[in-house]
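Let's take a friendly walk through one protein model. Have a look at the picture first, and then we will visit two places in it.

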Amino acid sequence: MWCQVRLTGTKYGCGIGGCGACTVMISTYNADSKKIRHYPANSCLLPLCSLYGAAVTTVEGVGTTTTKLHPIQQRLAKCHGSQCGFCTPGMVMSMYSLLRNHPEPSMEQIAAALDGKPAFSPSLFGSCLSSLCKPEEFHPRDPTQDYIFPPELIRMAEENKGRTLVFHGERTTWISPVSLEELLDLKATYPDAPLVVGNTSIGEQVKPWVEVIQTFRWGEATNVLFLRDILLSLVPELPAEKTKIYRTLLKQLRTLAGEQIRSLASLGGHIVSRGSVWDLNPVLAAGNAVLNLASIDGTRQIPLNDEFLTKVPEADLSPMEVIVSVFIPFSQDVSFSVCASILLFSIRHKRKGREREEKEVRYKQEGKGDGRYTDIKKREAREKFMSKERRRYTDRKEREDGNTVLKLSSFQYPFQYPDLPKEYMSALSEFQEKPPQGMQIYQDVNPHQPPQDPVGRPIMHESGIKHTTGEAVYVDDIAPADGQLYMAVVTSTRAHAKILSIDVSKALEEPGVVAVVSAHDIPGENGDEHEKVLAEDEVIFIGDIICGIVAETYECAKNARSKVKIEYQDLEVILTIEEAIEHNSFLTKEKKIEKGNVEEAFQTVDEILEGEIHVGGQEHFYLETNSVFVIPRKEDGEMDIYVSTQDATVVQELVASALNVPANRITCHTRRVGGAFGGKSTKPKFFATAAAVAAHKTGCPVRFILERDDDMLITGGRHPLWGKYKVGFMNDGTIKAVDLEFYINGGCTLDESENVLNYVLLKCPNAYDIQNFRCRGRACKTKLPSNTSFRGFGFPQAGLSAETWIVAVAEQLGLPHDQVREMNMYKTVTQTPYKEEIDPRNLVVCWEECLEKSNYYRRRQAAEEFNKQNYWKKKGIAIIPMKYAAGFTKKPSNQAFALVHIYLDGSVLVSHGGSEMGQGLYTKMLQVASHELKIPLSYIHNYERTTATIPNAFKTAASIGTEVNGKAVQNACQILWKRLEPIMEENPDGKWEDWIKEAYEESISLTATGYFEGYPTYMDWEKGEGHPLAYYIFATACSEVEIDCLTGDHKNIRTDIVIDAGFSINPAIDIGQIEGGFIQGLGLYTMEEIKFSPEGQQYTLGPDTYKIPAVCDVPEHFRIYLLPNSRNPVAIYSSKSMAEAGVFLGSSVFFAIRDAVAAARKERGLNCNFTLDSPLNIERIRMACADQFTEMVKTFP
């Protein structure tokens, strides 16, 4: 579909079904039931042969701009439900599939359909219920718009009923048997052949069937979505004590992947794959499930137990066997068996010698497998379970009859143990999940503002409709050029080594391979002063690009990579900040900012605290991976570079340098970027240059699109930070002196590390006015991928450090955290540590407004009452202030350019140096031009970002793209307006088109260049003072969470954000940026973690191992308030930048979790002045809620 018929709306995001960008709707006809089934599916996982007889609907089949929009597409666009738009077609298809099956879905069904999708888009949280859009403008659903199931496929299904399908490929034969007997014969003939159902992972395949008897046998090819639906109908009809396992399965199914995977994945395949211990298998094991197997030698049963899950040979399937059905018995004595299964899981690490006996307790059955224990066996099992060795690990309570039972209420049930303490009952309860609801409050425009003036109004994203229809074009959507080739790269497998030899001969022999491109093929410079395009003599991280394979297809290029043989000589490897400090390995000199006299102040304070915090890195995880399409022209060495980048200028410069041609021969084009977050600022120039060298060598167009795992392997992310603090304070909580020391892990090259370090030091006090303050920092050089710019640019790490020492002071004094925060906040006009004047009055207003709007004190009291009544569940709440500044510290970096044309028909074309990455830059530029020229938005069109029209533009970053490019567009439009004024004065009743024609007749130029010289920022690091930041953004966020002390899981209950946005040019876009930034911060602080091996190999290379926030992680109540009556005299129309400000506000969730953990620790008599590192994930939460179970883990070797 993508390559042959150019249906490019379906996007390739990750290749493993983890992001949903490739979602399509599959429709199949069942010749037996005569029914048609519609379901969403990840097209990246679907083998083509499996679609024989199926109808596939892509986003183009739902609605287009040339035919008719579907209501889903219209609502999603008009409710501001897209940002970069890359994953939006997948969202549309998920919801469309739901509507085809459920024309009036419930909110729970909608939430399930979107579950697992990236939570980048704001409107998925409920903005469609706010004043940001107008529901009265929505069209009703028209069922006649939906395609019918093709009659010819019905005929095919009827004719092919009972027919074995065989497809022969070059390397693979696909066989679809129609009977169990045929399948068993095939398995005997081809025992190593994989069996495929949904291909969500390799599993088993048989015809699905369900047999209802006293228990239930599930056909192993039953997809898990069907299993969920059957259980939902079954559970209400049976006694509660019989369905505990079934209800637990339903709970697991709610969090098992997304709806696309659940629609395809088979129960048997899921069991056999054993991909994750947290999916269905542990529940089935605890429920004593039995697997019924078959082969040509007969049938047998095996228990689904730990031996099976760990693939012990005698407890596993043989190569010729398949699972015929899964036997899931009714629940029995769950109060004991669930207790045993959970506690044995914990104890097994400590007592491996007793493992077999414990398993026998769980799985021994009487009779023919009816799942029942006899009373004798129960007593024997209990006696074994409650042996003396185990008693010292459990909190005991004696019953009147003398039997010892566990006090932990999660393992017992109240109707059996009425004397269980009430506060322990919380372990039985689950988080109550509700669909998220949003509220957005902003100040409307002046009622006297002309209706056609769009500034200040929530205008829809200019590409919003195209996002939802899949018509928005990204780099890989560009049609193939004649003679096009594809490139895949060979990367280093060593973190630091000399390259002794490279043998590409075998790769060149592969069919379809055209060339291998290495550093020797670069006619000019190989990279810049800090980093090479292609490694030459040495590799400096795992993922360093050594050469590129250029072939006729991407599959050929990818397969040939393994044929390249490279010999290395290993060198010293430094990976961590601690190792870099030990080896004196740094990218920068130490920098320092100091105010007052820190050492003297420490002599006068009542107390001094010292501590440290570690903040982990973060992957950008833009949905569109790095993408380049290079088309060489036939003369003068000219070349067109279509690239997904934030900085087309540096791409042009590096490509020209590498090809040894003037920059005017290289033209870069960027229409839109499918997400960037800082990650496409410095790296795309290296990918573009590698592809350009390949195009130069072959003379052909070259397409270079990174796979998700390669993108994550090669590129760096947010800088990990190690911060140390020393704080001096008085007994009332006033902080008198702070001394900070920071180290960031820059990776293998300088990249943006010096700039990130600068912002860490400039912004590390956050919102706190400390009269005696010192901070120092260095960037460490390691053999990891070079870390780079990321949304927030060092402040999310530094700000978390500030809040950590604030909390440490509050805990040391026994004072409320909010009291210490408020006491030390900026309140009046004063100076920052770098001697810049600051007026913090709006910071105080945001703080007070957030306290009021969030009902902070009432909810804190309610949380404390909840915590008194619940031992295993705790609530926490935190309120965090923020002082943030956007922009660059050097004036040249803030300059911008624009070019505006007016055509004779009155239409206007706007060009500028900004890249559209989903932040709404192009939309706001249209608003600026409309306002300045006083014409409707429909008259104006944005041209792509290209170096042909706008040369030398600085990168789109630091949140100021709208401000600086808006100033340039404004300047160009004002020049044009001034030229047109005499014409308009002569003909005041004329129309815009008349004025334009008259101006042309009078030889008045209808083209103008706009320029903004930039904010006058500077920083003198020798003196530690300057004016590095143009203005400040103030905000306060309040978040409430609930944690499960037994599992470490948490639920985001509510978040309120009050933010000083100045006068918002577009409230819908600004609120979307705040929400999206907050969610990205939520990921940074609570779940996203990059893992490396001791050798420097990154483990987290896709959505299966690296988890970003999904729709289910959005707070149930998410409320954004833009502070009214705020002005910013520095920026265009008194606006402020919002793109990065929201990230740090996600720390309010981090500290709300910490608050809940502190409540648990306090109840257990533990120290509440503790430090939690980021990300504060499930494991860290669980271990911080210390109890007898975590002590077992501590003793594990």
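Which residues in α30 meet which residues in α31? In this predicted model, Trp-977, Leu-980, Ile-983 and Met-984 are the α30 residues that meet α31. On the α31 side, the partners are Trp-992, Trp-995, Ile-996, Glu-998 and Ala-999. Sorted by type, the residues of this contact are eight nonpolar, no polar and one charged.

| Helix | Residues |
|---|---|
| α30 | 961–986 |
| α31 | 992–1001 |

How do they pack? The angle between α30 and α31 is about 100°, and their axes are 10 Å apart. An angle of 65 to 115 degrees counts as roughly perpendicular, so α30 and α31 are roughly perpendicular to each other.

Now for the second place. An unreviewed UniProt entry carries the annotation "binding site" for Gln-646, Phe-677, Arg-791 and Ala-958. These residues span 313 residues in sequence, yet no two of their C-alpha atoms are more than 12.6 Å apart, so they gather at one spot. Gln-646, Phe-677, Arg-791 and Ala-958 also belong to the lining of the largest cavity.

Let's zoom in on one of them. Gln-646 sits in the loop that runs between β23 (639–643) and α21 (648–659). Is Gln-646 buried or exposed? Gln-646 has a relative accessible area of 3%, and under 20% counts as buried, so Gln-646 is buried. Leaving aside residues up to four places away in sequence, Gln-646 touches several others, including Phe-677, Lys-680, Ser-915, Met-917 and Lys-955. Phe-677 is also one of the residues under the "binding site" annotation.

How values were computed
Residues numbered from 1 in each chain as written. Predicted model: local features only at pLDDT ≥ 70, side-chain atom pairs only at ≥ 80, totals over all residues. Heavy atoms only, no water. Axes fitted to C-alpha atoms, helices over the stretch in contact; angles between N-to-C directions. Helix = DSSP H or I, 4+ residues; strand = E, 2+ residues; numbered from the N terminus. Parallel < 35°, antiparallel > 145°, perpendicular 65-115°, else oblique. Contact = heavy atoms within 4.5 Å. Nonpolar A, V, L, I, M, F, W, Y, C, P; charged D, E, K, R; others polar. UniProt positions renumbered as here; feature names shortened; annotations may be inferred. 1 Å grid on protein atoms, 1.4 Å probe; cavity = no way out; pocket = protein on both sides within 12 Å on 5 of 7 lines; lining within 4 Å. Buried < 20%, exposed > 50% of the residue type's maximum accessible area, 1.4 Å probe, protein only.
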